[in-house]
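Morning, everyone. I have one structure to show today, and I will go through it piece by piece. Please have a look at it first.

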Amino acid sequence: MKRVLILTAGFGDGHNSAARCVAEALERVSDDVQVEVVDPLQESYGTLNNLARKTYEGMVRFAPSLWGGIFSLVNKSSAGERNLFGLGRLKVQLGSLLVETQPDCVVCTFPLYPHIISEIYKDHRERPFSLITIVTDSISVNAMWYRAPSDIWCVPNPDTARVMEDAGVPADKIKALGFPVPVQMASPTIVPVTAPGRGEARRILYLINTGKKKSGKNIRRLLKLEDVHLTVSTGRCADLKARLIEQTQKYADRVRVFGWTNQVPELMYTSHLIITKAGGATIQEAIAAKTPIIVNQVIPGQEAGNAELITRFRIGAVAEKGREVAELVEEAFAHRGRLWQEWKDNITRISRPDASLRIAEMILGECERVNTTHRPNRLFEAGAGRAMLAAAPAPAPNPHMLLCDFHIHSNYSDGRLTVPELIDFYGRRQFDCICITDHIADTRRWIGKIEKLSSLTLNPSQVQEYFEVLERERRRAWKKYKMLVMTGFEFNKDGYTRKTSAHLLGIDLKGPINPSLDMEETIHQIHAQGGLAVASHPHIMKTEWGKNTLYLWENQERYAPLIDAWEIANRNDIFNPVGLKRLPFIANSDLHKPKHIYSWKTLLMCEKDPEAIKACVRQNEHVAITLYRDLNQMAEFVGREEQGSTLKEAKVPQWMSLPPMPEVHPALLLDAESDKHKLSACV
């Protein structure tokens, strides 16, 4: 089994994107690879790293010239690298990570890490792994990328390779394989658009990254152009999304406004032009989609190279000022779209939509090279190392104990993690079954109308995308972790008071359900799809902030015969009345943030099969709950506040490090071979 460790950081839009795409490609190319993506800066510094990231984002947005000066200073000076920027804790953290994981290959998508690795191994004769640096800059490459040694530098294009050769990097160590883009771009299921004829829609995708205050004015200018149809993505900015929907109501037949979406590659393929800032990942994805680009902002420093790439290869244009964008669009489609066709032909010639797959094949080749040489015995072969590198446990008998969480939110609604991140988050913790249940609002109600405009609930226009993404991740979760993933909704039926408000989970849904149906009809539709209808936090919450939803509880005589189970515990709350009424129960985390994992969960004694799991919940036999504590992961949340029981971030001191857990679910303290009827003792 080949082992790949990918090191990333949350600064800018290119580093994390490159890391995720490479990890996805490795798992697509080979069944014989274990991949872990880690942000050592976040693990080392936590809150301080978050503050640094927000400071960076603020400079990029409000003081780009200041950031450009810092970028230039780092480019010219190597003094900070020699002193490792005072990041002693990062050095210790990364050193421990390398010892624990014992990778065949380390892939860096952030330029700091090769310097730290070089320092770690300066007293050793050789590194016991191959080191690959994926450069996310294009043409304007900061020298920090190549001042530390690496076995291979992977760059987006030949022009960037020449820049690095001129700086003294050996040509045989540079691979111009392209920028890692989503794997699905290598074989798109959507046919790209062709040149629009007279009177046909000019489809433009406007990705709003910065310049939010002036975006409304720019959109109005674009809509004055004949036959322009706009798709606008505002990211996670709910206020901007609501404002733009209101401002463009009279153009509703020509404008679609999204919040955050996972379908940007598909939107790129179906657009004639993309308007965006010169961010690394976005520009490279547009090139992969063969869609010409108009840049409306360039952050001095690393983005200057992306802007130069557009003008050098004539694959779009760079607007000096916002008002020039509409003029450039008009110019592109003038004279039967002659300029647009030139841009399209040029971008097609340099497009590399299969870059992630090519990079993955190169990484696997490096793993093979490392494994052919003699290497010392690995620590993980003696039983140490992270869960990703641990030997697979022996198949458990059926039925057996299953650890489940049926109430989880992604960033399709108000969760922090993306769907792929949730799969890895739960998979590495050895969960057997999860259900992702993003909020969807009842728009008949006034509160639901407000929620629809926000980013707190799933946008109705993204429901099909939601099911497609979860289906893709369901297959990956089973292949990689042997974890079942179900698709669900949390139906928000909010009234003005707690007694008129209800939240209902639909678990293991096969398709969309209209969120505006009456409660009984919603439950009927869930059952028609073979799903479970579960009352979510049905009683008074005492430990978590939020509005209570008591409608189902106040009307339990009416709904108890229809509902499959009631949450007896939600995160840190236990609802004793559910137990006293002897209602069928489950327990869930209601996860919105990673720290919510440390909460109540469901244990089932049944086969690991979706139908068996649902039957076990309905019958409510051999069901128990457990307060989940993963001791190896709890290190990042050690230490209690003096008042209350809220866990705050801290690191376990070295002397408190814990031994490896036995080969059972880390949350379980039950004897798996004991009489299954003893499960009730867990409640």
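Let me begin at helix α6. Its buried residues are covered by several elements, including β1 (2-7), β2 (33-38), α2 (40-45), β3 (105-108) and α7 (112-120). Before I go on, note that this is a predicted model.

Which residues of α6 are buried? They are L90, Q93, L94, G95, L97, L98 and T101. As a general point, an α-helix has 3.6 residues a turn, so residues three or four places apart point the same way.

α6 covers residues 88-101, and at 1.5 Å a residue its 14 residues should span 20 Å.

Now the whole chain, briefly. There are 23 helices and 22 strands. Of the 683 residues, 55% count as buried. If you take the contacts with a separation of 6 or more, 69% of them are between residues 24 or more positions apart. The chain exposes about 30,600 Å², and carbon and sulfur atoms supply 52% of that area.

Next, a sheet. It is open, has six strands, and the order is β9-β8-β7-β10-β11-β12, with parallel pairing. Which strands stand at the edges? Those are β9 (255-258) and β12 (316-318); each has a single partner strand, so one side of each is left without a neighbour in the sheet. From one strand to the next, the twist averages 15°. For those new to this, strands of a sheet pair through backbone hydrogen bonds, either parallel or antiparallel.

Let me take the pairs around β7. β7 and β8 are parallel and share six bridges. On its other pairing, β7 is joined to β10 by three bridges, and those two strands also run parallel. I204 takes part in both: its bridge partner in β8 is L230, and its bridge partner in β10 is L273. β7 is mostly covered, with five of its six residues buried.

Moving along the sheet, β10 (residues 273-277) pairs with β11 (residues 293-297) in the parallel sense, over four bridges. There, I275 stands opposite I294 in β11.

What lies across this sheet? Helix α9 (residues 212-223) lies across β7 (202-207), β8 (228-233), β9 and β10. Its direction is at about 160° to β8.

Now a single residue, W340. You will find W340 in helix α14, residues 324-350. Is W340 buried or exposed? Its relative accessible area is 1%, and the cut-off for buried is under 20%, so W340 counts as buried.

What does W340 touch? Not counting residues up to four places away in sequence, the list is T194, A195, H272, L273, P292, A332 and F333. L273 has come up already, as the partner of I204 in β10. W340 and H272 are 68 residues apart along the chain, yet their C-alpha atoms are separated by 8.4 Å. The side chain of W340 also reaches the backbone oxygen of H272, at 2.7 Å.

Last, three residues in loops. The first topic is N459, in the loop between α17 (446-453) and α18 (463-481). N459 is buried, with a relative accessible area of 9%. Leaving aside neighbours within four places in sequence, N459 is in contact with K241 and V257.

Then there is K290, in the loop between α12 (280-288) and β11. K290 is not a glycine, although its phi is positive, at about 60°. With a relative accessible area of 25%, K290 is partly exposed.

Finally, H537. Where does H537 sit? Its place is in the loop between β17 (532-535) and α20 (551-554). H537 has a positive phi too, near 25°, in a residue other than glycine. At 5% relative accessibility, H537 counts as buried, whereas K290 is partly exposed.

That is what I have. Questions are welcome.

Methods:
Residues numbered from 1 in each chain as written. Predicted model: local features only at pLDDT ≥ 70, side-chain atom pairs only at ≥ 80, totals over all residues. Heavy atoms only, no water. Buried < 20%, exposed > 50% of the residue type's maximum accessible area, 1.4 Å probe, protein only. Contact = heavy atoms within 4.5 Å. Polar contact = N/O pair within 3.5 Å; in protein donor to acceptor, adjacent residues only side chain to side chain. Pairing = 2+ DSSP bridges. Axes fitted to C-alpha atoms, helices over the stretch in contact; angles between N-to-C directions. Areas by Shrake-Rupley, 256 points an atom, 1.4 Å probe, with all protein chains shown as cover. Expected span 1.5 Å × (residues − 1).
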